[in-house]
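Dear colleague,

Please find below the structure that I am handing over to you.

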Amino acid sequence: SAVVFPSLVEGWGLPPLEAMSFGAPVVASPIQPCKEACGSAALYMTDPLDSISLADNLQYILSTSELSEQLIKNGFEQVRKYNTVQFADDLLKGYAKVAS
């Protein structure tokens, strides 16, 4: 029904973006990597440790079909901003820099 991603530390926010690519609405941590990856296509918790905010956002998605449908639509649009081939190439280059 939805993916919850209350991460405290994240390198970029790929897991919620992957969930969006499968048509799942997302509740994410408000940390910068998640906001960068998800943009306006996710609902954000007030704080990664705020379980009330997480529950409220999840309940909002589950009880409001229009919101869920809009988040799914926005998620597909957000995912299209990223090219998987370019992402893989950039990731490989990053690993190569670390190894050298």
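Leucine 8 is exposed, with 52% relative accessible area (exposed means over 50%, buried under 20% and partly exposed in between, with a 1.4 Å probe and protein chains only). The model is a predicted one, in which local features need pLDDT of at least 70 and side-chain atom pairs count only at pLDDT 80 or more, while totals for chains, interfaces and linings use all residues. Residues are numbered from 1 along each chain as its sequence is written, and side-chain values use heavy atoms, with hydrogens and water left out.

Leucine 8 sits in the loop between β1 (3–5) and α1 (14–21); helices (H or I, at least four residues) and strands (E, at least two) are DSSP runs numbered from the N terminus.

Salt bridges were also examined, each being a side-chain nitrogen of Lys or Arg within 4 Å of a carboxyl oxygen of Asp or Glu. By this rule there are 2 salt bridges. One joins lysine 73 to glutamate 77, with the closest N and O atoms 3.8 Å apart. Both residues belong to helix α4 (residues 65–79), where they are 4 residues apart, about one turn of the helix. Lysine 73 is partly exposed at 47% relative accessible area, and glutamate 77 is partly exposed at 36%.

Aspartate 89 pairs with lysine 93 in a salt bridge whose closest N and O atoms are 3.1 Å apart. These two residues lie in helix α5, 4 residues apart, about one turn of the helix. Aspartate 89 is partly exposed at 32% relative accessibility, as is lysine 93 at 49%.

Yours sincerely
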